[in-house]
Amino acid sequence: MDFVSPVLDTVKCLWDCCDKRAVYIRELPENLKSLRNEMAELENVYKDVNKRVADERKHQKEIKHVVTGWIDSVEAMKREVNDILTEGEDEIKKKCLGTCCPRNCRASYEIGKMVSKKIDAVSQLCRKADNFQEVAASLPTPPVSQVAAPLSAPLVIQVAAPLPTPPVIEAGAAPPHPPAPAVIELPLENTVGLDSLSDKVWRYLQDDKVTTIGLYGMGGVGKTTLLKRINNEFFKTNIEFDRVIWVVVSKSASVEKVQELVLRECGCLDNRWKGRSEDEKARDIYNILKTMKFILLLDDIWEPLNLLKIGFPLLNDQNKSKVIFTTRFLNVCEAMGAESIKVECLKFNEAFALFQTVVGEATLHSHPRIPKLAKIVVEECKGLPLALKIAGAAMRGKTTPQDWEKNIKLLQSYPSEVPGMEKDLFRVLALSYDNLSKAKWPKTKSCFLYCSMFPEDWEISCKQLIELWIGEGFLHEFYKINDARTEAEDIIDELTLACLLESNQSKTHVKMHDVIRDMAMWLAGENGKKKNKCVIKEPGGWIEGHEIAEWKETQRLSLWDNSIEDFTEQPNFQNLETLFASGESMRSLPTRFFACMPVIRVLDLSNSELMDLPAEISTLITLHYLNLSKTEIQSLPVELRNLTELRCLILDDTEKLETIPSQLVSSLSSLQLFSLYASLGCNGDWGFLLKELENLKHVSEISIPVRSVLHAQMSANSQHLRRSIRRLSLQDCTGMKTMEISSYLQILQMWRCFDLTDVKINLEKGRGQNLSNLSEVEIVRCPKLKHLKLVAYARNLLSLTIEYCESMQEVIVEDEEIGISEVEQCSDAFSVLTTLRLSYLSNLRSICGGALSFPSLRELTVKHCPRLRKLPFDSNTNCLRKIEGEQHWWDGLEWEVQAIKHKLNQHFVPK
């Protein structure tokens with residue numbers, strides 16, 4: 001029967017190749033030939049352009065940036081095409097049983113698709129050269145004071161006019177120094193991926209209104225390399241500036257130190273300046289530079305610099321002097337009034353090209369498997385140039401796949417042990433960590449290190465992160481948890497401004513770059529000396545009993561989507577303070593797992609398939625934070641009432657939770673946050689818990705679903721509950737005609753309230769008509785509701801959804817009680833709105849009166865709203881990226897200004 005398997009494999013292979021993907025596979029040999037031909041043509045054009053560039057340089061002409069950028073693109077394309085051609089040829093040679101079918105259809109399809117795309121890319125690059133009527137621009141005639149070079153001579157350094165004579169300090173002083181060159185060329189490494197940023201800087205340099213440019217980004221991302229490239233561009237061209245001054249500021253530099261560096265760059269520093277005050281040096285620098293048009297390049301600024309205090313003349317559009325600096329901190333750019341340019345990590349192709357230059361062609365092609373292994377190394381570095389260079393240097397000379405695989409495993413598991421990583425990468429990156437605000441130390445640093453406990457590339461919810469920090473005790477003790485959130489948000493801002501965290505556009509999630517995460521894990525383990533102090537297991541693993549025995553000294557343990565083997569001996573977690581055990585693979589916990597955790601503060605079991613909690617959880621009397629969200633838990637054990645130190649209990653999306661024992665919640669005397677949002681058990685009505693929560697004096701944040709008019713009224717009538725409820729879901733509250741909501745509310749959801757006619761704001765003394773905390777509103781199947789006037793007072797509203805409200809004619813109507821027009825009301829309400837969804841509103845005629853700019857709106861959905869004939873947009877509505885609706889509705893809309901329709905038409909998606 002041995003012949004059956006190969007036959008079945010052949011049949012399967014033929015079947016896989018029969019769909020539309022077969023085109024890429026079938027045409028792969030012909031497309032490879034076409035790619036070679038296109039590349040040969042591009043190579044000829046490349047040689048012609050290069051020859052023209054060489055000729056122009058002989059005449060000391062400035063090569064256009066678009067031409068140098070094209071040359072760099074061609075060189076990168078040549079490397080990419082060579083790799084693809086090699087992979088394509090290898091794939092063609094692999095066949096099944098001597099047939100015409102490839103052995104791996106998927107691989108052949110991917111390569112075939114890549115080849116097809118690359119043909120178009122090469123052809124397009126070739127056509128771009130047709131626009132190069134001229135490859136260089138004539139340079140201005142040099143000043144008389146400069147030495148003219150023969151036409152055949154290479155480009156020489158231009159020398160500035162002599163500097164003004166510095167003031168005489170004492171009799172018999174040494175004569176002034178000879179004039180310094182206008183630009184000193186700096187040694188420069190490979191500048192892969194910096195073309196667009198360099199072009200952007202040059203555009204700012206040509207703009208008289210821009211005086212200061214800040215290049216910011218995380219450590220090792222290439223800011224200094226970019227600044228050196230800009231410096232050397234001045235060296236290559238006949239610049240209009242009298243002097244380019246390069247100063248490395250560094251972290252510990254004082255004003256006096258910077259002054260000395262500036263004087264040295266100007267060729268003026270000698271013993272005459274020793275012992276002089278800062279003010280005297282500043283006056284001397286000012287007198288030297290006041291008549292000059294200069295470029296100041298400041299590398300590695302850690303704090304805002306007062307340039308006037310150093311002695312630099314005031315920058316303005318009259319003297320046309322400029323400052324360009326590098327920093328790791330966005331707030332430094334803002335404080336110095338700079339145009340900010342973020343230097344990002346390299347894209348994969350750029351990263352691979354940089355890695356290739358470091359590791360060397362000989363090493364890279366010493367074995368057929370090494371190029372693929374090299375791509376794994378590059379992927380681990382996530383585009384960070386410094387990491388790519390260090391990894392490349394570590395791999396240089398490694399010519400066997402075994403050596404590469406060994407180092408890849410090391411890079412993935414213990415990156416600090418890769419040669420150069422600790423000394424040349426982690427210690428450089430750690431300077432940003434060391435510089436974190438001393439006023440908030442150590443909690444800011446602890447908060448940063450904590451982010452490394454999440455899996456690689458994880459989008460961390462800011463809300464969840466802050467609640468974890470509260471549970472850990474990183475934040476100051478506040479009576480109200482909202483005050484702790486405010487402090488935590490400041491810390492997140494600080495970490496983001498320092499480029500230690502990356503924030504998404506809506507600022508609801510943050511992310512840690514993989515290399516920064518590796519550095520943070522190294523720091524958490526006391527610079528790699530205690531590897532088990534913080535143990536983080538990557539998702540999808542199997543934890544064996546002998547591993548658990550090694551965690552006796554562990555303080556933080558993160559087991560994301562791991563399964564745990566049962567063990568014979570009871571584990572001892574004497575020092576464990578934090579345990580994350582999340583993910584679908586976590587279905588049960590070993591017996592007596594919680595038996596010895598005497599100091600644990602945080603326990604996160606969310607997003608797992610756990611069905612019950614062991615009774616021994618009652619022994620965790622030091623616990624401050626317990627998260628059981630999105631688990632299969634059906635009931636809470638009564639023993640939880642022993643956790644009297646618990647501050648945060650989170651039970652969101654526990655669809656199967658049916659039972660919370662009476663008096664359990666009221667026993668948690670330290671509770672500050674209780675969240676049961678979107679939990680559908682107990683018929684979705686957990687209102688009976690409101691009475692217990694009302695008696696807990698420390699509770700200041702509650703999220704809860706309510707399904708009865710009685711409990712809805714209780715939430716509105718109790719001052720303590722009204723001020724504590726942050727997320728409220730009202731469902732099936734039949735008989736409720738009016739609902740008053742609190743000004744403290746953040747999220748409001750109302751479903752199937754069939755008798756509801758009005759939603760009002762509870763007017764507490766001193767707060768007025770204010771819903772500034774409200775960010776999300778969702779109203780569904782409230783057929784008697786005619787308007788939603790309250791959103792006019794929600795100036796921070798981000799998302800609004802209204803569906804199946806047949807009586808609604810206008811979303812916002814004029815508030816006759818206070819006499820404010822609809823337009824005035826809406827302008828505040830919709831100023832930060834990003835998402836608006838209106839569906840099945842058969843009588844809706846208007847969103848609000850008058851046209852508005854909706855400056856933040858990105859997504860609009862309108863379905864089955866036949867009477868809505870106008871949209872309230874004006875000519876300044878620029879953020880919209882998607883409009884969904886029926887085609888006939890869109891075509892029938894009335895527009896007072898047709899240009900608005902034409903502008904928005906490109907974003908319309910018919911449904």
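1. Starting with the fold as a whole: in the protein chain, 61% of the contacts with a separation of 6 or more are between residues 24 or more positions apart. Keep in mind that this is a predicted model. The chain has 29 helices and 30 strands.

2. On burial and surface: of the 911 residues in the protein chain, 50% are buried. The accessible surface comes to about 42700 Å², and carbon and sulfur atoms account for 50% of that area.

3. Have a look at T363, which is placed in helix α13 (residues 361-364). Is T363 buried or exposed? Its relative accessibility is 7%, and the cut-off for buried is under 20%, so T363 counts as buried.

4. What does T363 touch, once neighbours within four places in sequence are set aside? The contacts are I370, M395, R396, G397, K398 and W404. M395 is 32 residues from T363 along the chain, yet the C-alpha atoms of the two are 8.2 Å apart.

5. Now the aromatics. The count comes to 22 aromatic pairs. One of them is W202 with F234, a tilted pair with 5.0 Å between the ring centres and 50° between the planes. W202 belongs to helix α6 (residues 195-205) and F234 to helix α7 (residues 223-236), so this pair ties together parts of the chain 32 residues apart in sequence. W202 counts as buried because its relative accessibility is 11%; F234, at 2%, counts as buried too.

6. How are the rings of W560 and F580 arranged? They are edge-to-face, 5.9 Å centre to centre, with 85° between the planes. Here the partners sit in strands: W560 in β13 (residues 556-560) and F580 in β15 (residues 578-582). The pair links distant parts of the chain, 20 residues apart, and both W560 and F580 are buried.

7. W560 and F580 are part of one aromatic cluster, together with Y450, F454, W458 and F474.

8. Finally, two places where a charged side chain meets a ring. Which ring does the charged end of K293 sit over? The ring is that of F241, with 4.8 Å from the charged end to the ring centre. Elsewhere in the list, R781 lies over the face of Y804, at 4.0 Å from the ring centre.

Technical notes: Residues numbered from 1 in each chain as written. Predicted model: local features only at pLDDT ≥ 70, side-chain atom pairs only at ≥ 80, totals over all residues. Heavy atoms only, no water. Helix = DSSP H or I, 4+ residues; strand = E, 2+ residues; numbered from the N terminus. Buried < 20%, exposed > 50% of the residue type's maximum accessible area, 1.4 Å probe, protein only. Contact = heavy atoms within 4.5 Å. Phe/Tyr/Trp six-rings, centres within 6.5 Å; stacked < 30°, edge-to-face > 60°. Lys NZ or Arg CZ within 6 Å of the ring centre and 35° of its normal. Areas by Shrake-Rupley, 256 points an atom, 1.4 Å probe, with all protein chains shown as cover.
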